[in-house]
Amino acid sequence: MGQVVGLEYLEQEPWRFLISSVTVIFLVLNIAAVLTLAERKVSAYIQLRYGPNRVGPRGILQPAADVIKLFTKENVSPGRADRWVFLAAPIAMFLPAAAVWLVIPFGPGMVVADLNVGLVYFFAITSIGALGVIMAGYGSRSNFSLLGALRGAGQMISYEVPLILSLLGVAMLTGSLSMVDIVEYQAGGFWNWIIWPQLPMFVAFFVSGLAEVKRIPFDLPEGESEIVGGFMIEYSGMTWALIQASEFASMAVMSAVASTLFLGGWQPPLPFLDLGVFNWLWLGIKTTLLIFVFQWIRWTLPRLRMDQLMDLGWKILVPVTIAWLFVTAGAMLVI
């Protein structure tokens, strides 16, 4: 009886929120570690190599070895660095990638915080990521770091515009800003998923997501062949590992949000495939497929130039998303 009362106590606020938040951060850190292995394996298969195959069976323990190595290395910072800004930057990059997971519904009734402004929360939290890049560039007091940070700020702020515009059509169709409501709107089978009436918006969201997480062909803030790593060049050990974890966590969260808003979230593709409380598997499968596309693109396409990056964002994605908003509004009036 005492144990049952104790469990009921843990289900009350704020304990439920705190426990759920800690669990989500723990899962995000583990997802980032698993994705480092997946990235190496995918790149190896594309390049006809074996990839990591020394630590554990088929190299599956390589992420654990990497974590031990990075956490035991010395954290070196430049002598002229603004130390507090320099050390706070990796945290400012990682926390937004973890915080978005709080509003993503993993399954029926499985969401940490069902906000009625979930989309606005997503826009606000992802905007903070640019701040971490700027802090890293400024705090390092290095020319290459500052140049990478300026590139990153310009890129991330520019692509937030089409990113936000691409989701307005979803809000118009569903009449809600809650991610739970948006997933429930897509119930009944894959033909009810929002990707079909909003296909150009899905493409715009995915391309903008690539730019937001700074992956090839949008990795100009790092540009190792030009600015030798950009904003992260002065980082080492645990702080460098946290920056890498934030990048992989951002890739996972963009894939999960795209699955939630355009691909039905945890809804099964066909009604008879409903798994009940295990429907979170469907969200996992959709998210994994999109993560694979992220990695496929990275190891297939070359890096864009800065002018090409800006042209794609401002001259193609923004006009297309605005035009499709008018198409969506017109269709809603007619239908």
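Me: Thanks! Why does Gln198 count as buried?

Reply: Buried means under 20% relative accessible area, exposed means over 50%, and partly exposed lies in between, with a 1.4 Å probe and protein chains only. Gln198 has 1% relative accessibility, so it counts as buried. Please keep in mind that this is a predicted model, where local features need pLDDT of at least 70, side-chain atom pairs count only at pLDDT 80 or more, and totals for chains, interfaces and linings use all residues. Residues are numbered from 1 along each chain as its sequence is written, and side-chain values use heavy atoms, with hydrogens and water left out.

Me: Where is Gln198 found, and which residues does it touch?

Reply: Gln198 is in the loop between helix H7 (179–185) and helix H8 (199–212). Helices here are DSSP runs of H or I with at least four residues, strands are runs of E with at least two, and both are numbered from the N terminus. Leaving aside residues up to four places away in sequence, Gln198 touches Gly169, Val170, Leu173, Phe262, Trp324 and Thr328; contact means heavy atoms within 4.5 Å.

Me: What makes the pair of Gln198 and Thr328 a polar contact?

Reply: The term asks for a pair of N or O atoms within 3.5 Å; within protein, one must be able to donate a hydrogen and the other to accept it, and residues adjacent in sequence count only if both atoms are side-chain atoms. The side chains of Gln198 and Thr328 make such a contact at 3.0 Å.

Me: How do you know that Arg215 and Glu39 form a salt bridge?

Reply: A salt bridge is a side-chain nitrogen of Lys or Arg within 4 Å of a carboxyl oxygen of Asp or Glu. For Arg215 and Glu39, the closest N and O atoms are 2.9 Å apart. Arg215 lies in the loop between H8 and helix H9 (224–227) and Glu39 in helix H2 (residues 15–46), so the pair ties together parts 176 residues apart in sequence. Both Arg215 and Glu39 are buried.

Me: What other salt bridge does Glu39 form?

Reply: Glu39 forms a salt bridge with Arg298, with the closest N and O atoms 3.7 Å apart. This pair links helix H2 to helix H11, 259 residues apart. Glu39 has 5% relative accessibility and so counts as buried, whereas Arg298, at 25%, counts as partly exposed.

Me: Which salt bridge does Asp219 make?

Reply: The side chain of Asp219 meets that of Arg303 in a salt bridge, at 2.8 Å from N to O. Salt bridges that share partners also join Glu39, Arg215, Glu247 and Arg298 into one network. The structure holds eight salt bridges.

Me: Why is Trp280 called partly exposed?

Reply: Trp280 has a relative accessible area of 38%, so it is partly exposed. Trp280 is in helix H11 (residues 280–298).

Me: How many helices and strands does the chain have?

Reply: The chain has 12 helices and zero strands.
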